[in-house]
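Have the viewer open and follow along.

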Amino acid sequence: MLDFLNDLINGKILIAVLIPLGLIFTIWSRGVQFRLFGSMFSVLGQGFQHETDQPSSFQALALSVAGRVGGGNIAGVAAALALGGPGAIFWMWIVGLVGMATSYFECTLAQVYKQKEPNGDFRGGPAYYIKHGLGKKLGKAGPVLGFVYSLLLLVTFGFAFICFQSFATTSSIDSAFGAPRLWSGIGLGVVVSIVIFGGVRRIASVAEIIVPVMAVFYALLGLYVLLTHIPQIPGALSTIVMSAFGFNEAVAGGIGGAIMMGVNRGLFSNEAGLGSAPNVAAAAYVEHPAQQGMVQSLSVFIDTIIMCTVTALIIILSTQSYIGVDDDVQGVLTQLALADHVGGWAEYFIAFALFLFAFSSIMYSYYLGENAVDYYIPDNMVAVYVYRFMVIGFVLLGSTIQLGDVLSFSDVTMGLLAMVNLFAVALLFPIGLRIMNDFDAQRKAGVKIPVFDPDKFADLDIDRSAWQLTERPGGPAETQ
């Protein structure tokens, strides 16, 4: 049944919706992910001049990259190559490039409809923009759809993805050090519990340190591999492109397999359109919703175009066989390939890197699950604490199960999650365009840091208290 649903949802429906919808967002926004690409870095830099207790745009980026970079890039890319051949990587690129626009709009909407909690924190995401953005259009169906999305979010990230990250980490440690997976899982559970019991601000603070350091180290190691194999890179890239269209016998399962695994693993890796990143994007304080949309769009680029490509080339350029390998080999394929290039020490490095990546990814998945719990039972710390103990349990469970079991289940719930979110974002796209045009107009008028004025959008169900922090001494915005 899981295989049937996975083939229907991810192999047919999602392929027919995800890329075309991303193309529509790209065309109607005049290529927002390309024309604002340079500005994304300046907006990110503004996050270092943070003046509030809420997470900054950079911290939200770090936390969302924590969820995207890690098991999805290391074990996920290996799974894509094993099940879809090199051509799957090409379709991951396509999903990533058009997904940058999707991520821009879903994260912008998350900022528009975020709600301020009694303790001063912000909460938001698809469940909130479904409830407050589509309430009038869908009537009673709006809260029901928000409830369904939160349930899928809890099951996919709060449970299944935590198991996947635990599996990837403990398998890597077992391969490198021979440590029993269960003992590694216990150690991971202890470290995770120390952080998640500190709440979202501690999670964001830890991710802000761990993720950039490990991502840079992994990218530098990958760059070294690429520089030492420059003559072979054109051939590897050619294999990826040719296999994507069925012109190379390296395709596992034909062109259909390449497309299905590329879309599926691309969505799993960069999460554009999945609705997960908006939950984190809503937690940040920014002057204008479009700013966080730009930052999260950049995170998709970092994940798919840079990190996934590096991992794929490391594997393709190695002597390791990767097409059709079983679950146990998929879990450690990247570190085995890296050991081919730079020596056996790389296996230890990847085990350590995966531990930190998975650690931060579990924190990210935990936060998404907590967001879902809070949506069901607002401001109930008993429910939150029960969920935290459940998370530790799923970390331990992930250290004892097999990859195929986790992926089959999470792929189905992930596909359903994406379908609900994409439906909502498509209906709210005109509002996303209004927010984008407001940002563009202020920039065109010479405003250095555009500021969101909720009174200009009085027809929307916006929590105005969430935007009171935009009032700065000396006026609303600095002009050039």
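How many aromatic pairs does the structure hold? There are 21 aromatic pairs, where rings of Phe, Tyr and Trp (its six-membered ring) pair if their centres lie within 6.5 Å, with planes under 30 degrees apart called stacked, over 60 edge-to-face and the rest tilted. Take F157 and F161: their ring centres are 4.6 Å apart and their planes sit at 70°, so this pair is edge-to-face. Both residues belong to helix α9 (residues 141-177), and being 4 residues apart there, F157 and F161 are separated by about one helical turn.

Now for a stacked example: Y366 and Y387 have 5.4 Å centre to centre and 15° between the planes. Y366 lies in helix α17 (residues 345-376) and Y387 in helix α18 (residues 381-398), so the pair ties together parts that are 21 residues apart in sequence. Y366 and Y387 are both buried. Elsewhere, ring pairs link F25, Y104, F105 and F429 into a cluster.

Before going further, some ground rules. This is a predicted model, in which local features need pLDDT of at least 70 and side-chain atom pairs count only at pLDDT 80 or more, while totals for chains, interfaces and linings use all residues. Residues are numbered from 1 along each chain as its sequence is written, and side-chain values use heavy atoms, with hydrogens and water left out.

Zooming out, the protein has 19 helices and 2 strands, taken as DSSP runs numbered from the N terminus (helices: H or I, at least four residues; strands: E, at least two). Of its 480 residues, 63% are buried. Contact here means heavy atoms within 4.5 Å; among contacts between residues at least 6 apart in sequence, 83% join residues at least 24 apart.

The largest nonpolar core contains 127 residues, and those touching the most other members are I89, F105, Y113, Y129, I130, F157 and Y387. Such a core is a set of buried Ala, Val, Leu, Ile, Met, Phe, Trp, Tyr and Cys residues joined through side-chain atoms within 4.5 Å. Helix α6 (residues 87-112) supplies the largest share of this core, with 15 residues. As for F157, leaving aside residues up to four places away in sequence, its contacts include I162, E271, L274, Y364 and L417.

In α12, I233, A236, I240, S243 and A244 are buried. They cover an arc of only 110° around the axis, which puts them on the same side of α12; the arc is that of the directions from the helix axis to the C-beta atoms.

R30 has a positive phi of about 60° although it is not a glycine. Most residues other than glycine have a negative phi.

Finally, how far to trust this? The pLDDT, the predictor's confidence in each residue from 0 to 100, averages 80 over the protein, and 80% of the residues score at least 70. Confidence is lowest in helix α4 (residues 57-68), at a mean of 66, and highest in helix α2 (residues 32-35), at 93.

Definitions and conventions:
Buried means under 20% relative accessible area, exposed over 50%, partly exposed in between (1.4 Å probe, protein chains only).
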